[in-house]
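Please walk through this structure with me, one region at a time. Keep the sequence and the 3D view open side by side.

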Amino acid sequence: MRKLICLMLTLATLCTAFGSAYAESMDQQSLMLEKVEESLASAQAEATGWASSILSQAVIAGVTVAEDGKSATATVTVPTLVAGVDSKTEVTDAAAYLMQAVSGTATADYQLTASIKENAEGTVVFKWSGSESPSKLLSGAKKRAAAAKSSYQIKGIRTALEEVLLPKAAELPKKKPETVPTLSALTDYGTAVAGKLQVSADSAARRLAPLLMLMKITKAEAGDEAIQLNLTMTVGNWKAMLSDAEETARTNMQSMLGVPDFTRDDVDRVLCEAMAETFLTYAYDSKKPTTMHMTVDLTAVAQEGATAAGDLMDFFGTYMTAVDETVDSLMTYAATLPYYPQIDLIDTGILTGASDEGGSRVFFDTKGSDQHAYVLVERNGQQVLSGFIHQGVRLQVTLQPGSYRVYFTTGSDWYGERYFFGKDASCGYFDVTVGTDDNTRIHLTNSDDGTLQITGITWDELRSEAGVW
């Protein structure tokens, strides 16, 4: 019994001692955790820019207490913010490349150690180890911030940014080519930025195509905040380009059909086509480029695309306003133009095809009228010839005997073989049989004798028959 009592007393003493040691360990862990959290908050308050961002994402991974209970160690993990790409990473997909750049997952661990003792008076004394104190958190974050910033200042990131922010509608050689290259449609880019710019996707695509040919990123440096880049861009003289394009558009409109009825979208397209003709001069003009500076949040651009570059969208907005004003000016000009382009009156003669050798003579005229005429002669559904007939003059052709269909239109103002006498001119067709005698005479505007059975047709039907669109 005495031995059992002694054993029980011994177990009780051990349990009390273990419980006391466990409680003391838990107190040391809590104290260490509290001190590390205070140190992190202090270091972050002192840090700036990239270093501050590194510390703001610090995580206390764990706290351990030494076996002798006299010290504790905390592990603090921080992101390095180093780019997830390097100079060896190829830019095959610009958007994917930027996403990879900002999705780097590298981390670094810091060990912080402190002694935790109870002095003779029963007071707990907490003291950081000199080599593993919280001061190295701040100094380490600053060093890592410098390394992180430099990792984003590589050619690949600048190249990818330019492709995402300033896609090109054509590749230009180093030296100015003799002919203007055709600009391809920036459909996807137009769709992406249209809402931000408050224009249609088509309008955004065609308006920005020539402007982007004048823009280039010349420098990309890490900014003050993570993960931020300060961009330097050069922009050709887009205002002069727009001014030249307006003059070109005015000239082009003088030879277009139905200009007074053009919608704003029609005029917008004419202007953009003119800019596509005039941009080349300013793309190679190194004397008058404008230098622009803007800051972009690389993470936002990687996730959202060009619309996340607020300064760039503001610049595009200014450009869009100027284009709108130019379209307004061209709309006013369009209202002053005739519906059809002015073409000098031509002499009577065959326009297309030819007379049959050895055929019968056929004469077309506009007897009794002050109108001119256009005729299109078909045999078995195939065009034989077409011709213009001046008022007061006969058009003589020779045709083999047989059946023919003649399409015609008359009018006073000639607009060429594309528009004839305009959409309001009278048009029709009739069938005629050419005999073997030499004197088949057809008066297009005088059918009182009943020899012509004329069927009226529309201007569009005549143009379709003539193969003109």
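This is a predicted model: local features need pLDDT of at least 70, side-chain atom pairs count only at pLDDT 80 or more; totals for chains, interfaces and linings use all residues.

Residues are numbered from 1 along each chain as its sequence is written, and side-chain values use heavy atoms, with hydrogens and water left out.

Start at helix α7, residues 201–212. Helices here are DSSP runs of H or I with at least four residues, strands are runs of E with at least two, and both are numbered from the N terminus. The expected span of a helix is 1.5 Å times one less than its number of residues. For the 12 residues of α7 that gives 16 Å, and the end C-alpha atoms are 16 Å apart, so the two values agree.

How many of the 12 residues of α7 are buried? The count is 10, so the helix is largely enclosed by the rest of the structure. Buried means under 20% relative accessible area, exposed means over 50%, and partly exposed is in between (1.4 Å probe, protein chains only). The buried residues of α7 include Ser203, Pro210 and Leu212. Two arginines, Arg206 and Arg207, are also among them.

A salt bridge is a side-chain nitrogen of Lys or Arg within 4 Å of a carboxyl oxygen of Asp or Glu. By this rule the count comes to 11. One of the bridges joins the side chains of Arg206 and Asp268, with 3.3 Å from N to O. This pair links distant parts of the chain: Arg206 sits in helix α7 and Asp268 in helix α9 (residues 264–283), 62 residues apart. Both Arg206 and Asp268 are buried.

Next comes the pair Asp356 and Arg379, whose side chains meet in a salt bridge at 3.2 Å, N to O. Asp356 lies in the loop between β8 (349–353) and β9 (360–365), and Arg379 in strand β10 (residues 372–379), so the bridge ties together parts that are 23 residues apart in sequence. Asp356 counts as buried because its relative accessibility is 16%. Arg379 is partly exposed, with a relative accessible area of 28%.

Arg394 and Asp365 form another bridge, at 3.5 Å from N to O. Arg394 is in the loop between β11 (382–389) and β12 (395–399), while Asp365 is in strand β9, so this pair ties together parts that are 29 residues apart in sequence. Arg394 counts as partly exposed at 43% relative accessibility, whereas Asp365 counts as buried at 7%. Salt bridges that share partners also build one network, which joins Arg206, Arg207, Arg264, Asp265, Asp268, Arg269, Asp324 and Asp328.

Now turn to the backbone. Most residues other than glycine have a negative phi, and most peptide bonds are trans. Which residues does a cis peptide bond join? They are Ala226 and Ile227, with omega about -20°. Ile227 is in the loop between β5 (215–222) and β6 (228–235).

Leu81 has a positive phi, near 60°. Its place is the loop between β2 (71–79) and α3 (94–102). Leu81 counts as buried at 13% relative accessibility. Phe420 also has a positive phi, near 55°. Phe420 lies in the loop between β13 (402–411) and β14 (426–434). At 0% relative accessibility, Phe420 counts as buried.

Lys168 lies in the loop between α5 (155–165) and α6 (187–197). Lys168 is partly exposed, with a relative accessible area of 31%.

Finish with two pairs of residues. Gln228, in strand β6, is partly exposed at 22% relative accessibility. Gln228 and Thr295 are 67 residues apart in sequence and 6.9 Å apart in space, C-alpha to C-alpha. Arg405, in strand β13, is partly exposed at 29% relative accessibility.
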